[in-house]
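These are my notebook entries on a structure that I looked up. They follow the order in which I consulted it.

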Amino acid sequence: MATAKVKTLEDLFLDELKDMYNAENQLTRALPKMAKKATSDDLRNAIETHLEETQNQIERLEKVFKEIDQAAKGKTCQAMKGLIEEGTEIMEDTSEDMVRDAGIISASQKIEHYEIASYGTLVAFAKNLGYDKAAALLEETLEEEKKTDKLLTDLALSGINEDAQRGSEE
Ligand code: FE
Ligand code: FE
Ligand code: FE
């Protein structure tokens, strides 16, 4: 039997922190490309705002590492790699219009949902481990991810999906 590297909840917490540290860093490289490909100004603005938030979230994660006396280090998040790859694929496969925007929103929401699940878990682990300050920091990020997901839903419902549908009928 292989020796387990992650033995305690503390180890698991650190492992998942590293995963998200890497995931957020991947996003700072991917979001500018998605913003550039967006047709709607509102969608581009939303992605650009979230890029700034993402940079803050990285700093927040660095504070969390500090809180638990660990070096800020990433570990490749395979899920985020895959989600970004799917986003890139959809952008390559669509032409520059509202259909592409609908695809960008879809890919972005899958990303936000992954982040919401991850930060939700991290907050719960931090609380369990008695890291109250870390939990509060992680909760701030969790709220930003939820807010972004909601904004993307609103954008889709406010016309991008309809425009995409109309475009297909022309
Ligand atoms: Fe994030
Ligand atoms: Fe991951
Ligand atoms: Fe996010």
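Entry 1. I began with E145, which is buried at a relative accessible area of 0%; buried means under 20%, exposed over 50% and partly exposed in between, with a 1.4 Å probe and protein chains only. I note that this is a predicted model, in which local features need pLDDT of at least 70, side-chain atom pairs count only at pLDDT 80 or more, and totals for chains, interfaces and linings use all residues. Residues are numbered from 1 along each chain as its sequence is written, chains are lettered from A and ligands numbered from 1 in the order in which they are written, and side-chain values use heavy atoms, with hydrogens and water left out.

Entry 2. Which residues coordinate the iron ion (ligand 1)? I found E24 (OE), E24 (OE), Q57 (OE1), E115 (OE) and E145 (OE), at 2.1 to 2.4 Å. Donors are N, O and S atoms within 2.8 Å of the metal (3.2 Å for Na, K and Ca); water is not among the atoms, so sites may look incomplete. Along the chain these donors follow the spacing E-x32-Q-x57-E-x29-E. E115 lies in helix α4 and E145 in helix α5 (residues 132–169), so the pair ties together parts 30 residues apart in sequence. Helices are DSSP runs (H or I, at least four residues), numbered from the N terminus. I recorded E115 as buried too, with a relative accessible area of 0%.

Entry 3. I turned to the iron ion (ligand 3), which is coordinated by H50 (NE2), E112 (OE), E112 (OE), E115 (OE) and E145 (OE), at 2.0 to 2.6 Å. The donor residues are spaced H-x61-E-x2-E-x29-E in sequence. H50 in helix α2 (residues 41–67) and E145 in helix α5 are 95 residues apart, and the pair links distant parts of the chain. Both H50 and E145 are buried. E115 bridges the iron ion (ligand 3) and the iron ion (ligand 1), which lie 3.2 Å apart.

Entry 4. I checked the length of helix α4 (residues 98–128): at 1.5 Å a residue, its 31 residues should span 45 Å, and the end C-alpha atoms are 44 Å apart, which agrees. The expected span is 1.5 Å times one less than the number of residues. After α4 comes G130, whose phi is positive, near 80 degrees.

Entry 5. L12 is partly exposed, with a relative accessible area of 30%.

How values were computed
Helices (H or I, at least four residues) and strands (E, at least two) are DSSP runs, numbered from the N terminus.
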